[in-house]
Each structure stands twice: as C-alpha cells, then as structure tokens.
Amino acid sequence: MYDVVVVGSGPVGLFLACELRLAGARPLVLERLTEPVITDKAHGLTGQVVRLLDHRGLFERCGGRGLPIPAPGFFFGALPLRLRVLGDDNPMYLLPCYQRKFERVLTERATELGVEIRRGCEVRSFAQDAAQVDVEVRDQAGTSTISARYLVGCDGARSVVRKQMGVAFPGITDDHIVSRSAIIAPSDTFRFTAAGRLVVAGLGEISPQFHRTERGVFTLAPFDPQRPHLTTTEWEDEPAGDSPGSGAPMTMTEMEDSVERILGVRPSLAPASGDEPGLLRRLSGCNTRIAERYRAGRVFLAGDAAHVHSASGGPGLNLGLQDAANLAWKLAADVQGWASPGLLDTYESERLAIGRRVFMQTQAQTALMAPGGPTTALRELFGEMLDRVENVQLVADLMAGSDVRLDMGDEDPAGPTGRFAPNLDLCTADGRRHRIAEFQRDGRAVLLDLSEGGELAAATSHWTDRVKYVRAAAATTGAPAALLIRPDGYVAWAGIDADGLRSALARWFGPAELPASWATDLVGA
C-alpha cells in the first residue's frame, strides 16, 4: 500500500510528490498522458513561491542566478506597479522559467528522491473508508485497483478527483473574453529600446507588458528576443463560443487582425523558427472558480483542481505549489503517526483562505483591463492610489500571496508568526554565513535559536527527530530571539519563552514522547 496517491504529474503534482518523499512518505504519481506536454504554458514563477523554491534548492536549477531578488516593477490590472518604493519590504520575486523546463526539473528531482511515476494511467473512480482509499485505474494492461492511505487530486480544472468527491466548483465564467497567443519571429513592426520600452511602427512607444486600449489588451514579452511571446485579450460582443470561426484552428492572420483591432496598426507576423515548440492558441472564455472544500475524508485537492483563475500576474503556480508544500508535511506526519489532532484540517483552513484572495484579486485585475469609459475612469483613480507607498505594499502583498497571516495560536500581532520566514543573514558558530533557506533544503522544520546563550536547545530536545535545531547569530538588526519554521516556510512561533515554544512544538509537531514503535524515514535527515 502506498502512503499517498497523487493524481496528475503537472508542476503541482510533481512538487507534492517531491515534498512527500522529503518528509518520509511513499507517494505514487498517476498521470493519464503517456508523455509530458511540451506546449507553451506558464513562463515563470512570481511572488512568495520563488522563495519556497530557494528553500528547496530549486531556484538555481530553474535558471535563477545567485539569490532571489525582488522585481523593481510589475503590473496589476495592466497598471504599472512601482515596486522599488517598497525597499526591503518588496515581496514580488520573479523567476523566469518556461513551464516545460520547470516540469523537467521537478521530474529530475522526483527521480533523485525515488518517486514512482506511472504514465498512461487513467483514474476512473475511487472509494474510501476509515483506513484507506482504493483507486480504480486503467492502463494498457487493463483495469486494476491501487490502495493508499490518502489520495490527492492535482489533475487540473476538469479534475476527475474533485468530481468524484462531489465537491462543488462555484465561480464566474465570462464568455465574452477571448485571449490569443503566438510565439512569433522578430518583426519589423516591433522594436525594443535599451530601456525595455516597445516601439510599434505607425504607433510609437508603448509599454510591452499589458498595454490597454479601449479595444483590448496587448502584451509582447521578449523572454527570448528571437521568439517573442505575443498575447492579445479582447472583449467580444457575442459570447466567444458563438463567434464566427471560434471552432476553427487559430491562424497568424487572426493574430494580426486582433493586434490591429487593439493597437490600430497592422503587424506583419510569422511563426518563430527553430526546434523549440511553437504556439498559436486561442482561449475563448475566462473562468474564475474555487472549490467549496479542499478535503473530503482521505481525499484532498490542490492546484488547478482546487482553483482556476485569470493568469494575470502569474498567480497559478504561486498558489498551487504552496498548496503542495502546505499539505505534504502534514500528510507525512499523519502517515508516520506524529500528527497532532486536527493538523490535517489546517490544510483546508489555511489554503482556502489564500485561494479566496486570489479568486478576488484576479477578477479585480480583469475588471481593470476591460474596455469602456467607466473602466478608464476607474483606472485613472486606481493609478492615483498606486502613487502611495502603502497601497503599493497592499497590492504587492496580495499578488505575492503574502497578505494572509496564518493562525498560529498565541502570537504577537506585530511579529513574524503566521508569515513566510523573513530574509535573515545568519552566522553559525563555525563563522560561516548562511540564509534561512539553506537550513530547509531537506524539507524539515527548523528551530532557529538566535539567543545569546542558546537557551532553547533543551526545550526542543524531545522533538529533534522532527525539528532541526540550529543555533546562529543574526547579522540582521531587530531579528527575533528564535524562530520555529514549519517545513512549508511559515513561522509557527517566535520569541524566547521556552514554555511557549514547547506549546507550539506540540501543536504542530506532535507530542514530545512518541510511541516506541514509531520510526522516522526522513530522506536526507
């Protein structure tokens, strides 16, 4: 019997499997498709998840250089977000990385950890009782049953797992929105300046990212200067599915028509050359939905199976990968027998609250990009509001996924508890400099003792099989005396009081004394 069956080998399913294995659980990944999808999807990761990948040592493997650095600017609803004004409080980290490369990195990591992945294996149904979940699957050999302690659906917006759970997926569908995308060859119509602005022949200089007119939104992203990624978004009078030619294959002429309607100038476009996958895609309609529940007994939802929304600001991977990080260590704790009562319930309460924030803000961004005079007036007002630092901070935190404070029990309202671990420069007894991220490479919880005498070593002695004790000095002024950091990077406790620490350890990492039969199987511990 497996500990956890993960349905879907997209980024969230693969990352969940890696996290489970790091935590000592035995996952099985089931994927309906026989080969990885190589078509163009996401182009990078944004927000807090970039720091999470750094905590797992995946930042550089995905193309990052050095340390994660916040972006100096971004966009919200096609309005510029000047992030430089936030200084050290800027939470909007960016990591450019095509989804196909990211999935390749995660697949390699899963293989290193010994994760079993079965392709060409379709989940048909499942049944659960108090002890396990029996999953009916079909592959080339026929139909069979796989049993596991838990099942997690990471199988996308049309999730079979969610439908089998009977969980509603309410939300909003706008049938009038049509998005078109193409990877094009360099065109004489478009020229980038040294400052990163875009010069359009016959129009002049515009922002290449989210340029809104009264007729739609235009974006030209030069992830690769020889293969710019062009996207248009239009609001059509008739429902997208009813418009003429809506079911026909997308063409480059259709892309040229769309650009002309939005910008008022007609480009000459050709598909990009080379061996890399191309793209010529039309998406009709826009869905924003969130599952009413993320759990039903021994079955859970994560990623797009739990929530779908506009891609504005790139919230999808940020949200889904943190779902996985939150859930994995809690499932492993239950499988290994040390989960405190109610620990698994905190997955839904914590992640659903954050999912609802994304549900809200992606709709707000779509509304700010829509055509029409009232929207233009709203954008003018909103733009003035973004001249204030406090409003930039609010929007940046919202987009980064760092605006929701998790309930960690008794805590200082002004302290770091309930937030992702702060960036601290540390120095250990051997004189070496470190960052907090370096102590979470193995996916374990960390008690970071920054007190002068290491007063908290004794308080954590009964939890060292589940929590790594690290004594260090903080080079950053104003750092707490100690931080208890969960495997998903969130601070569960901060302070110096030993009794408060023991209470937090018991709440999140089980009783001090474990049954004699309990044994750890922590990979890399």
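Student: Where is Phe210 found in this predicted model?

Tutor: Phe210 is found in the loop between β14 (204-206) and β15 (211-213). The model is a predicted one.

Student: Which phi does Ala78 have, and in which loop does Ala78 lie?

Tutor: Ala78 has a positive phi of about 65° although this residue, too, is not a glycine. Ala78 lies in the loop between β4 (73-76) and β5 (79-82). With a relative accessible area of 6%, Ala78 is buried.

Student: How does one read the length of a helix such as α10?

Tutor: One compares the span expected from the number of residues with the distance between the end C-alpha atoms. Helix α10 (residues 498-509) has 12 residues, which at 1.5 Å a residue should span 16 Å; the end C-alpha atoms are 16 Å apart, so the two agree. Just after α10, Gly510 takes a positive phi of about 80°.

Student: Which residues of α10 are buried?

Tutor: The buried residues of α10 are Leu501, Ala504, Leu505, Trp508 and Phe509.

Student: Why do the buried residues of α10 line one face of the helix?

Tutor: The general idea comes from the helical repeat. An α-helix has 3.6 residues a turn, so residues three or four places apart point the same way. In this structure, the buried residues of α10 fall within an arc of 105° when seen down the axis, so they line one face of the helix. The cover over these buried residues includes α6, α7, β24 (445-449), β25 (467-471), β27 (482-485) and β28 (491-494).

Student: How many cavities of 30 Å³ or more does a search of the whole structure find?

Tutor: The search finds five. The second largest cavity has a volume of about 80 Å³. Its lining has 13 residues, and those closest to the centre are Asn318, Leu319, Ile354, Val358 and Gly401. Elements giving two or more residues to this lining are α6 (315-336), α7 (345-369) and α9 (389-400); α7 gives the most, with five residues. By class, the lining of this cavity has six nonpolar, four polar and three charged residues.

Student: What volume does the second largest pocket have, and which residues lie nearest its centre?

Tutor: The volume of the second largest pocket is about 890 Å³. Of the 29 residues that line this pocket, Arg51, Asp88, Asp89, Pro422 and Asn423 lie nearest its centre. Helices α2 (48-55) and α9 are the elements that give two or more residues to the lining, and α9 gives the most, with three. The lining of the pocket divides into 12 nonpolar, 10 polar and seven charged residues.

Conventions: Residues are numbered from 1 along each chain as its sequence is written. This is a predicted model: local features need pLDDT of at least 70, side-chain atom pairs count only at pLDDT 80 or more; totals for chains, interfaces and linings use all residues. Side-chain values use heavy atoms; hydrogens and water are left out. On a 1 Å grid over the protein atoms alone, a cavity is a set of points where a 1.4 Å probe fits but cannot get out, and a pocket is an open set with protein on both sides within 12 Å along at least five of seven lines; lining residues have an atom within 4 Å of a point. Grid points are joined across faces, edges and corners, and a volume is the space filled by probe spheres set on the points. Helices (H or I, at least four residues) and strands (E, at least two) are DSSP runs, numbered from the N terminus. Ala, Val, Leu, Ile, Met, Phe, Trp, Tyr, Cys and Pro count as nonpolar, Asp, Glu, Lys and Arg as charged, and the others, Gly among them, as polar. The expected span of a helix is 1.5 Å times one less than its number of residues. Buried means under 20% relative accessible area, exposed over 50%, partly exposed in between (1.4 Å probe, protein chains only). The arc is that of the directions from the helix axis to the C-beta atoms. Contact means heavy atoms within 4.5 Å.
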